[in-house]
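Please keep the sequence and the structure in view while reading.

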Amino acid sequence: MIMASALDTLALYDTLAQIGNPSPEAPPISDKFLQLVRYFTWFVLLAGIVAIIFAGGKFAWEKWTGGGLESPKMVAGAMIGGVVATSAGTIMNAVIG
């Protein structure tokens with residue numbers, strides 16, 4: 001009985017060994033999702049450029065009118081946000097795999 005069970009187990013492993021390793025396949029809706037991610041990436045980069053231009057203009061206006069200088073914080077924040085936004089893909093690739 002033990003011998004029959006062992007032979008059945010060997011036959012099962014032999015059958016499983018013949019099944020090939022399936023190749024990975026993208027989900028059906030992944031193309032639309034990747035396109036949405038690309039659009040979002042362009043939007044974030046454009047928003048960062050606009051924020052730096054706006055903060056630079058405000059900085060020039062404050063300097064010209066002699067007001068308090070609050071815009072250097074905006075410029076620094078926009079630049080830090082840009083660095084984080086552009087390195088997000090690299091960070092995610094490092095975390096995931």
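F54 lies in helix α2, where helices are DSSP runs of H or I with at least four residues, strands are runs of E with at least two, and both are numbered from the N terminus. The model is a predicted one, in which local features need pLDDT of at least 70 and side-chain atom pairs count only at pLDDT 80 or more, while totals for chains, interfaces and linings use all residues. Residues are numbered from 1 along each chain as its sequence is written, and side-chain values use heavy atoms, with hydrogens and water left out.

F54 has a relative accessibility of 52% and therefore counts as exposed; the classes are buried (under 20% relative accessible area), exposed (over 50%) and partly exposed in between, with a 1.4 Å probe and protein chains only. In sequence, F54 and A78 are 24 residues apart, and their C-alpha atoms are 9.8 Å apart in space.

A47 is also placed in helix α2. Its relative accessible area is 35%, so A47 is partly exposed. Between A47 and A78, which are 31 residues apart along the chain, the C-alpha separation is 9.3 Å.

Two packed helices are described by the angle between their axes and the distance between the axes. Helix α3 covers residues 71–96, and α2 packs with α3 at an angle of about 165°, the axes being 8 Å apart. Because of that angle, α2 is roughly antiparallel to α3. Here the axes are lines fitted to C-alpha atoms, for helices over the stretch in contact, and angles run from 0 to 180 degrees between N-to-C directions; roughly antiparallel applies to angles over 145 degrees. The crossing of α2 past α3 is left-handed, meaning that the near helix is turned anticlockwise from the far one by less than a right angle.

L34 belongs to helix α2, which spans residues 30–65. With a relative accessible area of 41%, L34 is partly exposed. Together with F33, L36 and V37, L34 forms a nonpolar surface patch of about 380 Å² accessible area. In such a patch, residues have over 30% relative accessible area and no salt bridge, and nonpolar side chains (Val, Leu, Ile, Met, Phe, Trp, Tyr) are joined within 5 Å; a salt bridge is a side-chain nitrogen of Lys or Arg within 4 Å of a carboxyl oxygen of Asp or Glu.

The protein chain as a whole has three helices and zero strands, in the order α-α-α along the sequence. Of its 97 residues, 5% count as buried. The accessible surface of the chain, from the Shrake-Rupley method with a 1.4 Å probe, is about 8,500 Å², and carbon and sulfur atoms account for 73% of that surface.

Definitions and conventions. Patch = residues over 30% accessible without salt bridge, like charges linked within 9 Å, V, L, I, M, F, W, Y side chains within 5 Å. Parallel < 35°, antiparallel > 145°, perpendicular 65-115°, else oblique.
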